[in-house]
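Thanks for making time this morning. I would like to walk you through one model, beginning with the fold and ending with a pocket.

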Amino acid sequence: LDPYLVAALVKTESNFNPRATSPRGARGLMQVMPETGSWVASQLGLTSYHPDLLYDPEFNLAVGTWYLADLYRSFGQDTVLALAAYNGGRGNVLKWLEERQWTGEKSRLDQIPYAETRQFVRKVLWHYRVYRYLYGREKL
């Protein structure tokens with residue numbers, strides 16, 4: 001994963017607040033849901049998982065980046081699809097694509113059925129572009 005992408009996701013999700021909690025219960029820097037954290041911990045072979053670990057920045061980043069990388073692989077290295085799935089759910093994105101509700105293209109973000117996911121993807125991509133510009137990898 002590109003570290004600027006991870007930083008952009010963290011900026012969007014929690015504004016770098018390791019104690020952030022969403023109204024739906026997502027926790028920490030990368031706003032990982034406790035159920036997702038449990039699933040990722042089992043995939044990583046971690047046996048002492050507890051949802052409060054998601055407030056630990058190191059643990060949260062390890063779980064969140066593993067999950068994002070898994071989505072990235074699942075969606076053919078497509079950043080836009082992986083971000084949409086990170087926010088809206090893997091199954092939902094697959095359904096949107098299968099039912100042709102969304103083409104999956106960056107230029108068609110307005111087709112994403114969930115307003116929250118549309119805004120999330122836009123914000124992460126904006127912050128990603130800003131970080132790439134600030135650190136010399138892209139021109140605005």
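**Fold, a helix pair and a pocket**

Reading along the sequence, the chain follows the pattern α-α-α-α-α-α, and please keep in mind throughout that this is a predicted model. In other words, there are six helices and zero strands in the protein chain. Its radius of gyration is 15 Å, close to the 14 Å that the globule rule gives for 140 residues, so the chain is as compact as a globular protein of that length. Along the principal axes, the C-alpha trace spans about 40 × 40 × 25 Å.

Let me turn to one pair of helices. How do α4 and α5 cross? The axes of α4, residues 79–88, and α5, residues 90–98, come within 7 Å and cross at roughly 125°, which makes α4 oblique to α5. On the α4 side the contact is made by Leu81, Ala84, Ala85 and Gly88, and on the α5 side by Arg90, Asn92, Val93 and Leu97. By class, the residues of this contact divide into five nonpolar, two polar and one charged.

Finally, the largest pocket, which holds about 520 Å³ of space. It is lined by 23 residues, and Glu13, Arg24, Tyr86, Asn87 and Glu116 are those nearest its centre. The elements that give two or more residues to this lining are α1 (3–14), α4 and α6 (115–134), with α6 giving the most, namely five residues. Sorted by class, the lining of the largest pocket comprises nine nonpolar, nine polar and five charged residues.

How values were computed
Residues numbered from 1 in each chain as written. Predicted model: local features only at pLDDT ≥ 70, side-chain atom pairs only at ≥ 80, totals over all residues. Heavy atoms only, no water. Axes fitted to C-alpha atoms, helices over the stretch in contact; angles between N-to-C directions. Helix = DSSP H or I, 4+ residues; strand = E, 2+ residues; numbered from the N terminus. Parallel < 35°, antiparallel > 145°, perpendicular 65-115°, else oblique. Contact = heavy atoms within 4.5 Å. Nonpolar A, V, L, I, M, F, W, Y, C, P; charged D, E, K, R; others polar. 1 Å grid on protein atoms, 1.4 Å probe; cavity = no way out; pocket = protein on both sides within 12 Å on 5 of 7 lines; lining within 4 Å. Points joined across faces, edges and corners; volume = space filled by probe spheres on them. Rg over C-alpha atoms; globule rule 2.2 N^0.38 Å.
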